[in-house]
Amino acid sequence: MPARSVSVVPIQVPEALVASLVECHGADGRVWADGLPALAAASADRWGLRLDGPPAHGVVGLVLPVRRADGSRAVLKLQRVDEETAGEPLALRAWNGRGAVRLLDHDPATGSMLLERLDPARSLLALPDDRAATSALADLLAELTVHQAPSGLRTLAEVADGMLAEVPAARERLAGEADRRLLADLAAALGEVRPEPGDRLLHWDLHYANVLAPTAPDPRAPWLAIDPKPLAGDPGFELLPALSNRWSDLTATGDLPRALRLRFDLLTDRLALDRPRATRWTLARVLQNVLWDIADGESVIDGTHRTIAEALSASRGGPGLTRAGR
């Protein structure tokens, strides 16, 4: 019996995804959300798919569990193509299932991707042992960043130059002098490593929720990365999501700076990174988050950003940072 196309079953776009798309992209996001049912139907017809469960979504993308014509399970990922998402098929092809979800097919005209199905209920967030979760994520980072980035990806050099260009205007939008000094310190750390931006294939968004288990035991790895926003650059720029996520596990230790440094040390050891250099690239990633917050209207640097920056500064071989109130 032929597979029933997704187009037979109307796709209900989750309201939370619509709201997120509108928040991120305004009216264009609403238009793209309205077109998702037709895009899903066209992709189903292209690949001979039928729905196999309820939809899921991220911030800007819809994920549909499907069955292929041969009965095998997969997921259909539909997302807007922008500078962050455009390189995902390139990266997934380069990794070819080693440490990351496998790309089964891709439609360049729409950006739609057919991916192997992993277990959405089992991410690294579910591991009760924080150290084990960080260790597993570090293993994946080591596997992913061993690859040289394929041509055609955006580069960390471009991202870094864009950040440095934003700093003067961002400084004027901060309310306090201590925050302005911290912004300058973060920019200085980036300036020190900018001349050597690196050429490794970076995931860029490898936090614990973006690591899922296979649906069955897999000889490749017990965990696989999903949802890359790839860059060509230095692996030191990869570490911040692993530091800032599962934050409650860090605060529960009673010594937050020490817990942050232990995570950072585990990551840099596993990836065999030069620690002072990795510190500067991590501070550059903090700078990126600070600049995004300022662009969104914030006039005070978030306390989490400051805590991470201070914890990783002088004692980790990084630049001395100005502490609040000093």
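Is the crossing of H10 and H11 right-handed or left-handed? The crossing of H10 and H11 is right-handed, where right-handed means that the near helix is turned clockwise from the far one by less than a right angle, and left-handed means anticlockwise. Welcome to this predicted model, in which local features need pLDDT of at least 70, side-chain atom pairs count only at pLDDT 80 or more, and totals for chains, interfaces and linings use all residues. Residues are numbered from 1 along each chain as its sequence is written, and side-chain values use heavy atoms, with hydrogens and water left out. Helices (H or I, at least four residues) and strands (E, at least two) are DSSP runs, numbered from the N terminus.

**Helix H11 and its partners**

- Helix H10 (residues 256-270) and H11 cross at roughly 120°, and their axes come within 11 Å; axes are lines fitted to C-alpha atoms, for helices over the stretch in contact, and angles run from 0 to 180 degrees between N-to-C directions.
- That angle makes H10 oblique to H11; under 35 degrees counts as roughly parallel, over 145 as roughly antiparallel, 65 to 115 as roughly perpendicular, and the rest as oblique.
- On the H10 side, Phe264, Asp265, Thr268 and Asp269 make the contact, and on the H11 side Arg275, Ala278, Thr279 and Thr282 do; contact means heavy atoms within 4.5 Å.
- The residues of this contact of H10 with H11 are 2 nonpolar, 3 polar and 3 charged (Ala, Val, Leu, Ile, Met, Phe, Trp, Tyr, Cys and Pro count as nonpolar, Asp, Glu, Lys and Arg as charged, and the others, Gly among them, as polar).
- Helix H6 (residues 156-173) also packs against H11 (residues 275-295), at an angle of about 50° and with the axes 9 Å apart.
- H6 and H11 are therefore oblique to each other, and H6 passes H11 in a left-handed crossing.
- Among the residues that meet here are Leu156, Val159 and Met163 in H6, and Trp281, Ala284 and Leu287 in H11.
- The contact of H6 with H11 divides into 11 nonpolar, 1 polar and 2 charged residues.

**Strands and sheets**

- Strand E6 (residues 112-116) is joined to E5 by 4 bridges, and the two run antiparallel; strands pair if DSSP finds at least two bridges between them.
- The hairpin of E5 and E6 has 4 residues between the strands, and there Gly111 takes a positive phi near 85°.
- Asp107 is found in strand E5 (residues 103-107), and its bridge partner in E6 is Ser112.
- Leaving aside residues up to four places away in sequence, Asp107 touches Arg46, Trp47 and Ser112.
- Asp107 counts as buried, because its relative accessibility is 11% (buried is under 20% relative accessible area, exposed over 50%, and partly exposed in between, with a 1.4 Å probe and protein chains only).
- An open sheet of 3 strands has the order E7-E9-E10, with antiparallel pairing.
- Strands E7 (118-123) and E10 (224-225) stand at the edges with a single partner strand each, so one side of each has no neighbour in the sheet.
- Strand E9 (residues 211-214) pairs with E10 over 2 bridges, and Val211 has Ala225 as its bridge partner in E10.

**Two loop residues with positive phi**

- Trp204 lies in the loop between strand E8 (200-202) and E9, and has a positive phi of about 80° although it is not a glycine.
- Trp204 counts as buried, at 6% relative accessibility.
- Arg246, in the loop between helix H8 (240-244) and helix H9 (247-251), is not a glycine either, yet has a positive phi of about 50°.
- Arg246 is buried, with a relative accessible area of 11%.
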